[in-house]
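Hi everyone, thanks for coming. Please have a look at the structure on the screen while I get my notes in order.

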Amino acid sequence: MIRLRTDGLLRRLLLFILLFSLCFTVLASSVQLYFEYRREMRDIEARMALIRAGYLASLERSLWDLDEAQLDTQLRGLVDFSDVARVRLLSDDFQLLRGEAEPKGPLRIERFPLDYQPPSGPPRHLGELEVSIDLGAVHRRLYATGLASLLWMGVFLCGLAVALSGLFYRLVTRHLQVMAEFARRIGAGQWQEPLRLGRRRSARPDEIDTVAHALDDMRRAILSDIERRERDRLALQDKRDELQAMVERRTASLARAKDEAEAANLAKSRFLATMSHELRTPLNGILGMAELLRGGRLEAADRQRVEALYKAGEGLLAILNEVLYFARLEEGESRAELVGFSLRQLCLEVLALLEPMAMDNGDTLQLDIDEQLAGYQHGAEQYLRQVLSNLLANAIKFTEHGQVWLKVQVLVSDEASQRLRISISDNGIGIEPAVQAKIFDRFVQASEAVARRYGGTGLGLAICKHLVEKLGGCIGLDSVQGQGSCFWFELDMARGQQPASTPSQPAMACLDILVVEDVALNREVAGGLLLRDGHRVSFAEDAGQALQACAQRRFDLILLDVHLPGMSGVELCRQLRAMPGPNRDSRILALTAGVQPGQVPGYLDAGMQGVLAKPLRLDNLRQALAEVAPGEVVGAGTGMDWALLDTHRSLLGEQKLQGLLKVLRQSLEQHATSLAEALPAQDFTEVLHLAHRLAGSCDSLGFSGLAVLLRRLEEAARQHDAQALKALGEPLASQLGQARATLEQLIQS
């Protein structure tokens with residue numbers, strides 16, 4: 001037997017019926033009491049009317065006759081009336097009281113004047129009759145009547161509620177419970193057993209039958225759907241096995257293709273690295289020697305030959321750089337660095353840079369800038385400089401004794417940005433219509449004759465298109481052969497603010513420099529350039545000579561060729577940083593032709609603080625040496641080596657530099673707390689490990705002051721010098737705080 005839930009529908013129905021019955025009983029009893037009360041009041045009024053009509057006249061006659069006995073009899077008769085508690089006669093001759101002297105309970109008092117009309121003369125007022133009705137008796141009768149009615153009606157309605165609840169349970173609730181149990185079985189996956197209700201079938205089905213049939217139809221539909229799904233599953237299983245076999249075949253094919261592509265890409269990378277090194281190494285000698293000869297005393301003819309040699313080397317280097325730069329773009333190594341700059345100033349700088357080239361060709365450069373152009377912009381200045389330089393150089397190159405125009409137009413302007421159209425026009429040789437559609441493809445030139453006459457790689461316009469599209473712009477051209485060309489590009493440029501001025505670099509001091517280079521020509525070039533600027537230069541041909549020289553004396557700077565016979569320059573740098581000696585903290589720059597972004601982080605991880613690219617240029621060399629102070633590590637006083645950061649920025653780009661700075665910040669957050677706890681505990685092993693780990697990271701990113709302090713801490717921990725550890729604790733905390741603040745500024749800016 002199914003038990004009735006205490007909070008089920010039947011219980012709520014029973015409570016509802018009982019509540020309704022109670023309310024109805026109270027209401028019905030109230031109505032009945034109201035009508036009983038009205039009846040009692042009418043009875044009292046009837047008795048008062050009877051007294052007025054039947055007794056007052058006889059009382060007036062007896063009072064006129066002064067018949068006290070008759071008056072007493074009449075008053076006693078009035079007291080016998082129902083609910084009359086007291087009768088009192090008030091006159092000048094009599095004061096008669098019959099009934100209770102002080103009746104209890106509420107009273108209704110009626111007063112009747114007694115006036116007699118004698119046979120002759122005017123009416124005479126004889127007194128007053130006062131009749132007091134006991135309303136308490138009336139109330140008691142009403143209470144007894146209402147209570148009895150309430151009890152009988154309550155008993156009747158409660159019985160009716162129980163009967164209705166039982167009927168509802170038999171007709172509805174028990175069947176609902178059976179259907180609920182059936183639904184739970186369906187949810188549990190028991191679909192085979194049909195729904196059966198414990199009732200006789202009727203010719204006229206009701207709502208319960210309708211719901212029961214719907215539930216059983218649902219069960220049959222579920223069974224049908226399960227059977228269909230099982231058939232589909234078996235079919236899909238067959239298809240899956242077939243597809244799996246096909247995927248395995250395709251995966252094997254793709255794996256082979258992937259291996260082939262990776263091998264090709266590796267070969268390409270190796271080719272670019274080899275070409276970079278093998279071409280830059282002789283170029284380093286050619287340009288270096290030419291640079292030295294240009295500074296010597298030569299006759300006019302010899303000076304002209306040396307100048308031609310130098311320009312030829314410059315041209316070859318430009319072609320090499322263009323090829324390698326495009327390879328970097330294809331590999332995604334170059335990313336836009338957003339800075340604040342003045343487009344107007346950028347145009348002037350590019351024109352000033354190319355003015356000698358234009359003068360050699362007999363060309364005139366003209367600049368037209370829209371007055372609506374904002375004073376400063378925020379964007380990828382380096383990309384724009386590259387695009388403008390390439391397009392203007394092309395216009396000058398293919399125009400002889402003509403004019404080249406650089407025009408900047410503002411197409412759309414609002415408070416945040418401007419839509420700009422920048423065009424470079426010339427009246428040179430123009431481009432054939434058939435070539436215009438593919439002129440922005442790589443290694444494409446206007447014609448074979450143009451390629452033979454003017455040279456070039458055919459990558460300049462491909463680089464321009466790549467850079468403009470990376471900035472979200474578009475590029476195109478309009479050209480008529482023999483009349484000139486107009487190259488243009490459009491892009492959105494955000495408004496910017498005037499960039500903060502950079503402090504001027506101090507004058508370069510005379511430095512003690514060690515050049516580690518295995519190629520004699522390269523040693524002579526580097527030595528000649530350094531000696532010309534007044535530096536003291538020592539040379540080493542391999543790692544062994546370099547280690548011997550570093551053990552004997554301290555150098556302000558070590559220029560270290562990466563590719564040395566035997567021990568590589570990278571491994572040599574690691575040894576110099578690891579072993580104690582006078583040059584452990586000296587500044588070390590890589591001297592290499594391998595300046596691809598994938599190679600530079602390896603140099604920095606080894607402890608090098610910058611890279612000088614071959615061919616060695618005098619301007620680049622001077623810029624790298626400008627921040628080196630003799631006898632100390634750069635930035636040891638201020639805590640920062642800004643020149644090293646600038647080198648990283650130029651070689652790696654701002655985005656990669658930001659990533660390295662964030663890694664350093666995370667490393668400081670992870671290990672600085674542990675280091676601060678290990679110092680007072682004099683845990684020499686932990687201090688040695690943490691200081692060594694942090695020193696290399698700080699030194700690689702220009703935090704030289706903190707790196708020097710960490711190396712002192714490392715040395716003190718290695719010698720178990722507790723007093724030195726204690727003395728370095730406060731300076732370390734100060735340097736860490738300054739380093740964190742500088743990191744936050746660099747990352748946020």
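Predicted model: local features only at pLDDT ≥ 70, side-chain atom pairs only at ≥ 80, totals over all residues.

Residues are numbered from 1 along each chain as its sequence is written, and side-chain values use heavy atoms, with hydrogens and water left out.

Let's begin with charges. Side chains of opposite charge can pair when their charged atoms come close. I'll call a pair a salt bridge when a side-chain nitrogen of Lys or Arg is within 4 Å of a carboxyl oxygen of Asp or Glu. How many salt bridges does a search of the whole structure find? The search finds 34.

Here is one of them: Arg108 pairs with Glu45, and their closest N and O atoms are 2.2 Å apart. Arg108 sits in strand S3 (residues 107-116) and Glu45 in helix H1 (residues 9-65), so this pair ties together parts that are 63 residues apart in sequence. A quick word on those labels: helices (H or I, at least four residues) and strands (E, at least two) are DSSP runs, numbered from the N terminus.

I'll also talk about how covered a residue is. Buried means under 20% relative accessible area, exposed means over 50%, and partly exposed is in between, using a 1.4 Å probe and protein chains only. With 41% relative accessibility, Glu45 counts as partly exposed.

Now a more local pair. Asp232 and Arg228 meet in a salt bridge, at 3.2 Å from N to O. Both residues lie in helix H4 (residues 207-294), 4 residues apart, which is about one turn of the helix. Asp232 is partly exposed at 36% relative accessibility, and Arg228 is partly exposed too, with a relative accessible area of 38%.

Next, a pair that reaches across the chain. The side chains of Asp585 and Arg711 form a salt bridge, 3.8 Å from N to O. This pair links distant parts of the chain, 126 residues apart: Asp585 is in the loop between helix H13 (569-578) and strand S15 (587-592), while Arg711 is in helix H19 (residues 704-718). Are the two partners buried or exposed? Asp585 is partly exposed at 22% relative accessibility, whereas Arg711 is buried at 9%. There is also a network, in which salt bridges that share partners join Glu36, Arg39, Glu40, Asp43, Arg47, Asp83 and Arg141.

On to helix packing. Axes here are lines fitted to C-alpha atoms, for helices over the stretch in contact, and angles run from 0 to 180 degrees between N-to-C directions. Angles under 35 degrees count as roughly parallel, over 145 as roughly antiparallel, 65 to 115 as roughly perpendicular, and the rest as oblique.

Take H6 (residues 343-361) and H7 (residues 381-397): they pack at an angle of about 25°, with their axes 10 Å apart. H6 and H7 are therefore roughly parallel to each other. Compare H18 and H19, whose axes come within 8 Å and cross at roughly 155°. That makes H18 and H19 roughly antiparallel.

Cys698 belongs to helix H18, and at 0% relative accessibility Cys698 counts as buried. Its C-alpha atom is separated by 9.2 Å from that of Leu710, 12 residues apart along the chain.

Let's visit two loops. His401 lies in the loop between H7 and strand S8 (403-413), and its phi is near 55°, a positive value in a residue other than glycine. His401 is exposed, with a relative accessible area of 67%. Gln682, in the loop between helix H17 (654-681) and helix H18 (684-700), also has a positive phi near 55°. Gln682 is partly exposed at 43% relative accessibility.

Last stop, strand S11 (residues 484-495), which holds Glu490. Glu490 counts as buried, at 16% relative accessibility. The C-alpha atoms of Glu490 and Val408 are separated by 9.9 Å, and these residues are 82 apart along the chain.
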